[in-house]
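Reader: Could you walk me through this structure, with a few questions and answers along the way?

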Amino acid sequence: MKSFSLSSNERIKSKKDFEDIFKHGNILFSFNKKVKASFIYIKEADDPGVKIAPAVSKRAGNAVWRNRIKRLIREAYRLNKTGLVSYCKSNHISLKIVFSLNYISKKTAPNLGLIDLTDSVKDLLNKVEKKLC
RNA sequence: AGCAUAGAAAGGGCAGUCGCUAAAAAAUAAAAAUUUAGAGGAACGUCCGGACUUCACAGAACAAAGCGCCGGGUAACACCCGGUGGAAUAGUAUAAUACUAUUUCUAAGGAAAGCAGCACAGAAAAGAUACCGCCCCAUUAAUAAUGGAGUAAGGGUGAAAUGGCAGGGUAAGAGCCUACCGCGGCAUUAGUAAUUUUGCCGGUUCUCUUAAGAGAAUUGUCCCGCUUUGCGGGAUGACGUGCUAAGCCCCGCUUGAAGCAAGAUCAAAUAGGGAAGUAUUCUAUGCCGUAAGGUAUAGGCAGAGUUGUUCGCUCUGGUGCUUUCGGGUAGAUCGCUAUAAUCUAUAAGUAAUUAUAGAUAGAGAUAAAUGAUUGCCGCCCCUUAAUUGGGGAACAAAAUCCGGCUUAUAUUUUUAUGCGUGUU
RNA sequence: CGAGGUGUGGCUCAGUUUGGUAGAGCGCUACGUUCGGGACGUAGAAGUCGCAAGUUCGAAUCUUGUCACCUCGA
């Protein structure tokens with residue numbers, strides 16, 4: 001299995017999972033408060049691994065901008081996920097994370113780049129791993 | 001050259017690395033790997049019209065919604081093309097006003113079926129009305145004041161004000177009466193005025209046009225006559241009828257409902273449903289039975305369908321137990337992308353468009369793919385001695401599919417119109 | 001895919017049904033009151049009624065189009 005891929009099995013799809021995460025999940029913020037992560041985990045799971053989904057509010061911007069942000073978040077996760085995935089696999093933990101933006105909209109940041117998001121996503125992944133310990 | 005407005009076309013290119021979705025063939029328990037394809041002119045909005053799918057459809061009435069000059073195009077339309085009438089603007093001539101236009105707008109049937117409204121001002125705003133004025137009467141010391149009755153000839157208001165003139169008549173007035181005239185209305189020239197000139201709109205008849213409409217003549221209503229389609233005569237008189245229907249409304253025409261989360265197939269979990277058998281069960285009447293009760297018919301009541309409502313029509317019947325059956329949610333698969341498609345040529349047509357021939361094209365996701373990054377070239381801006389260095393690239397992303405409409409759009413190209421400068 | 005609502009001074013709203021004067025509260029400004037401030041009193045300013053076109057003598061109100069925002073259903 002390739003280390004930098006992100007197939008459809010690694011994404012959250014069902015409506016139930018989203019409801020669970022937003023109702024009962026823990027919330028963490030990145031160091032610059034740009035990105036928010038809500039997550040839920042089960043220890044001693046049958047199918048260990050990490051599943052993620054990006055979420056952008058409808059009020060943040062138009063469809064083009066929202067699609068772009070989702071793809072950037074996915075890209076940032078894809079390039080930095082290796083450590084967390086291997087940790088979860090070795091400890092039999094099934095983890096589900098939803099990334100969403102905080103106080104950022106098309107008006108405040110019309111040309112958000114990948115570099116702006118990479119650091120905060122990296123920081124969030126480290127924080128989640130610490131919490132699991 | 002430049003600027004403005006309107007229309008049309010285009011909406012950066014090539015290569016590398018990492019990743020996503022779909023398809024293909026080989027292999028297969030699965031995965032990986034390979035090849036190919038992968039957002040728009042508006043995909044936006046969801047404002048119209050269809051295709052397609054499911055449900056419904058004995059019939060009648062009503063409601064509701066939509067449309068409303070004419071002809072053509074189209075699968076269809078509230079779209080498009082061509083025309084008619086109206087309004088605005090500009091120019092030219094003018095007494096009003098008319099004519100012209102590569103311009104702009106136009107939901108444009110009916111106001112004499114009825115209802116409603118018409119601020120302010122004004123006497124009165126629609127079956128009229130009395131502020132000033134005029135006139136009569138009463139009271140008071142009164143040519144004045146107050147009160148009452150009558151009066152629309154005169155006044156001024158407003159976007160909009162209800163035959164003319166002369167005489168009679170009267171307290172004063174009034175088509176109240178008479179003659180002449182007008183006889184649907186409006187504006188206007190000349191004239192002191194009667195009167196008259198011209199134009200516009202309404203009705204009727206005729207002619208022309210496929211039609212909207214245009215042109216000519218004529219002008220209340222009824223009757224009679226004739227040299228019969230127009231002229232003459234007589235009688236009659238409510239002399240009354242402004243604007244708004246994108247207020248209600250009337251008239252004419254059209255419309256079954258819902259939408260791909262339509263719908264079809266497979267189908268966990270949980271709860272419940274149908275059918276058969278059996279026990280029990282509302283009212284009335286008939287029959288059987290000594291009785292308990294059984295059975296038949298009718299009715300009531302309740303529910304469902306007729307997907308706007310009503311009538312009408314059709315169907316079902318409460319509860320317990322036993323047996324048996326399938327529907328169906330999560331989820332999965334299909335629907336799911338070839339087409340009223342686009343371009344070119346020829347022919348028909350003023351045009352929209354149509355016919356024939358040839359060529360071209362190839363997304364199909366479902367918490368939802370089409371991305372990130374690097375280099376080179378091209379474009380724009382700033383800067384520099386220097387392509388030296390730096391920065392920028394609109395609007396906006398498929399969600400069943402088409403035809404339109406609407407709105408957003410950096411930059412480039414191009415067409416038309418206008419402005420203004422320079423040159424000859 | 002379908003249904004509905006809102007837009008009016010700086011803010012929160014009324015007025016739209018039935019067309020004709022744009023209004024209320026809070027806030028703002030000035031003056032008075034007070035040693036000073038607050039509260040109170042008096043006066044005043046502030047609105048292309050989201051935008052465009054049409055109907056009408058006349059439009060915040062009627063009609064059509066359009067922009068933005070919000071809510072709901074399958």
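Predicted model: local features only at pLDDT ≥ 70, side-chain atom pairs only at ≥ 80, totals over all residues.

Reader: In what order do the elements of chain A run from the N terminus on?

Author: Helices (H or I, at least four residues) and strands (E, at least two) are DSSP runs, numbered from the N terminus. Chain A has four helices and four strands. Read from the N terminus, the order is α-β-β-β-α-α-β-α.

Reader: Which radius of gyration does chain A have?

Author: The radius is taken over C-alpha atoms, and the globule rule is 2.2 Å times the number of residues to the power 0.38. Along its principal axes the C-alpha trace of chain A spans about 45 × 30 × 25 Å. For 133 residues a compact globule would come near 14 Å, and chain A agrees, with a radius of gyration of 14 Å.

Reader: What percentage of contacts in chain A between residues at least 6 apart in sequence join residues at least 24 apart?

Author: Two residues are in contact if their C-beta atoms, placed from the backbone, lie within 7 Å. Among the contacts between residues at least 6 apart in sequence, the share that joins residues at least 24 apart is 84%.

Reader: Why is one side of strand 1 and of strand 3 left without a neighbour in the sheet?

Author: Two strands pair if DSSP finds at least two bridges between them. The four strands form an open sheet with mixed pairing, in the order 1-2-4-3. Strand 1 (26–29) and strand 3 (49–55) stand at the edges, so each has a single partner strand.

Reader: How many bridges join strand 2 to strand 4?

Author: Strands of a sheet pair through backbone hydrogen bonds, either parallel or antiparallel. Strand 1 and strand 2 (residues 35–43) run antiparallel with four bridges, and Leu28 stands opposite Ala37 there. Ser38 of strand 2 stands opposite Ile27 and also opposite Val98 in strand 4. Strand 2 and strand 4 run antiparallel too, and the bridges that join them number nine.

Reader: Which residue in the turn of the hairpin has a positive phi?

Author: The hairpin is formed by strand 1 and strand 2, with five residues between them. In its turn, the residue with a positive phi, about 65°, is Lys33.

Reader: At about what angle does helix 3 run to strand 3?

Author: Axes are lines fitted to C-alpha atoms, for helices over the stretch in contact, and angles run from 0 to 180 degrees between N-to-C directions. Helix 2 (residues 63–80) lies across strand 3 and strand 4 (93–101), at about 155° to strand 3. Helix 3 (residues 82–91) also lies across strand 3 and strand 4. Its angle to strand 3 is about 135°.

Reader: Is His92 buried, partly exposed or exposed?

Author: His92 lies in the loop between helix 3 and strand 4, and its phi is near 55°, a positive value in a residue other than glycine. A residue is buried if 20 or more other C-beta atoms, placed from the backbone, lie within 10 Å of its own, exposed if 12 or fewer, and partly exposed in between. His92 has 13 such atoms within 10 Å, so this residue is partly exposed.

Reader: Which element gives the most to the surface near RNA strand B?

Author: A residue is near a molecule or strand if its C-beta atom, placed from the backbone, lies within 6 Å of it. There are 25 residues around RNA strand B, of which Ser5, Ser8, Asn62, Ala63 and Arg71 come nearest. The elements that give two or more residues to this surface are helix 1 (15–24), strand 3 and helix 2. With eight residues, the element that gives the most is helix 2.

Note on methods. Residues numbered from 1 in each chain as written. Chains lettered and ligands numbered in written order.
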